Amino acid sequence: MNAVPHKNLKSFLTDAVRWNLRGGIAFQIFRIFLLFGMGFGIYAYSFQARFGLSVTGMNDIVSWGLYISNFTFLVGVAAAAVMLILPAYMFHDPGFHRVVIIGEGVAVGALVMCLSFIAVDLGGPLQAWHLIPGIGLFNFPSSILAWDVLVLNGYLLLNGLVPAYILYSHYMGRKADERKYRPFVFLSIFWAFSIHMVTAFLYQGLPARPFWNNPLMGPRFLASAFAAGPALIALILAIIHSTTDYKIDRKVFRKLRLIITISAIVNLIMLFSEIFKEFYFPTHHSSSAVYLFFGMDGHNSLVPWIWTSVIINLLATLVIAFNPGKDNPKVLLPACGFLFIAVWMEKGIGLIVPGLIPSPLGEVVDYLPTWVELGVTLGILCLGITVVTWLIRTALIIEQRYEGAD
């Protein structure tokens, strides 16, 4: 296939914008909702920028709340793209090769959200300068958060540049040169594991917080990520399959179900192992777990939250594992959605907040996010969904034209 001479990088970017501004009424309404969400997020953040973190529900005891909860969970969603990259590029699975670019788009959107949550958790915009090496006080290598920022930006670069090169080659009407991007693909595979392990080390390396000071933290982060991430990707693929001409092979969904099943079961085994450790012979190190699962001194706001998460997680895993509808999407896709929500509940608020309660002085407080935190979070989520939508829409149009012309 010959390259198209009148196309270049400028037309590539122009066409990408033009394609994303088109769409039916439903898509335009969806886009307006995202814009409204981002606008509301900016409005909410203006209060935080003016008054600082005092307008959030966080305090001296609960210094990490909704922002860091979402950051922790979304790092896993970003890392889960490796579950498509491995079979696509290493084992040359043709089904995964067609959808791997969608997984990488999801990873880029998740990373944009991760970095945004870190930025807003710093309080005001001036503090965000400290995330830039050479300008702010980056505290590298002593700060694990600095390591996290570096690996996240590196992974964002890898997941942005490799698909961009492949798409640009296909846009130009030529096959991408595998020798140019393959080394970076292998690097991104190892990098995907490292971003979630480094995030786990943020918590695992704090001996004064026994709820997090757990050797299972890193492996469990990976297991939950490889369950929730592919569950979200399966839902996105199902939407693409039913609303566009880019059809997804059923074998891809079956293989994703296998990945989700194994990861979800391993995640549950580790969860029950932690529960056994905390409650079979409880010590004062079990205080956070007691607060989370049963409440403490009349403070029990997280008790229904965590039990709901555990029950939904268990039921969704059973449905996906036993496959009662024989690959019926009306059964499996809702189960994937519930599994995703359950992991978000447990790995977000259910992990971060109880790790800070009770305080080293034994104080117990309940944390409830304010409207400012909820508004900023909504804005960041809408920003991430917008990024994913733009990337996937561009990728699908280019890939469809490339496949049609091949």
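**Exercise 1. Contacts of Phe-71**

Task: In this predicted model, find which residues Phe-71 is in contact with, leaving aside neighbours within four places in sequence.

Solution: 
- Step 1. Set aside the neighbours within four places of Phe-71.
- Step 2. List the contacts that remain: Cys-114, Phe-117, Ile-118, Asp-148, Leu-152, Thr-199 and Leu-202.
- Step 3. Turn to the largest nonpolar core, which has 119 residues. Phe-71, Ile-102 and Leu-152 touch the most other members there.

**Exercise 2. Ile-118**

Task: Is Ile-118 buried or exposed?

Solution: 
- Step 1. Ile-118 lies in helix H5.
- Step 2. Read its relative accessibility, which is 3%.
- Step 3. Compare with the cut-off. Buried means under 20%, so Ile-118 counts as buried.
- Step 4. Check what Ile-118 touches beyond four places in sequence: Phe-71, Leu-131, Leu-145, Val-149 and Leu-152.
- Step 5. Phe-47 is 71 residues from Ile-118 in sequence, and their C-alpha atoms are 17 Å apart.

**Exercise 3. Helices H4 and H7**

Task: At what angle do helix H4 and helix H7 pack, and which residues meet?

Solution: 
- Step 1. Locate the helices. H4 spans residues 82-90 and H7 spans residues 178-204.
- Step 2. Read the geometry. The angle is about 145°, and the axes are 10 Å apart. The crossing is left-handed.
- Step 3. Name the residues. From H4 come Val-82, Ile-85, Leu-86, Tyr-89 and Met-90. They meet H7 residues including Tyr-181, Arg-182, Ser-188 and Phe-193.
- Step 4. Sort the residues of this contact: 11 are nonpolar, one is polar and one is charged.

Notes: Residues are numbered from 1 along each chain as its sequence is written. This is a predicted model: local features need pLDDT of at least 70, side-chain atom pairs count only at pLDDT 80 or more; totals for chains, interfaces and linings use all residues. Side-chain values use heavy atoms; hydrogens and water are left out. A nonpolar core is a set of buried Ala, Val, Leu, Ile, Met, Phe, Trp, Tyr and Cys residues joined through side-chain atoms within 4.5 Å. Buried means under 20% relative accessible area, exposed over 50%, partly exposed in between (1.4 Å probe, protein chains only). Contact means heavy atoms within 4.5 Å. Helices (H or I, at least four residues) and strands (E, at least two) are DSSP runs, numbered from the N terminus. Axes are lines fitted to C-alpha atoms, for helices over the stretch in contact, and angles run from 0 to 180 degrees between N-to-C directions. A crossing is left-handed if the near helix is turned anticlockwise from the far one by less than a right angle, and right-handed if clockwise. Ala, Val, Leu, Ile, Met, Phe, Trp, Tyr, Cys and Pro count as nonpolar, Asp, Glu, Lys and Arg as charged, and the others, Gly among them, as polar.
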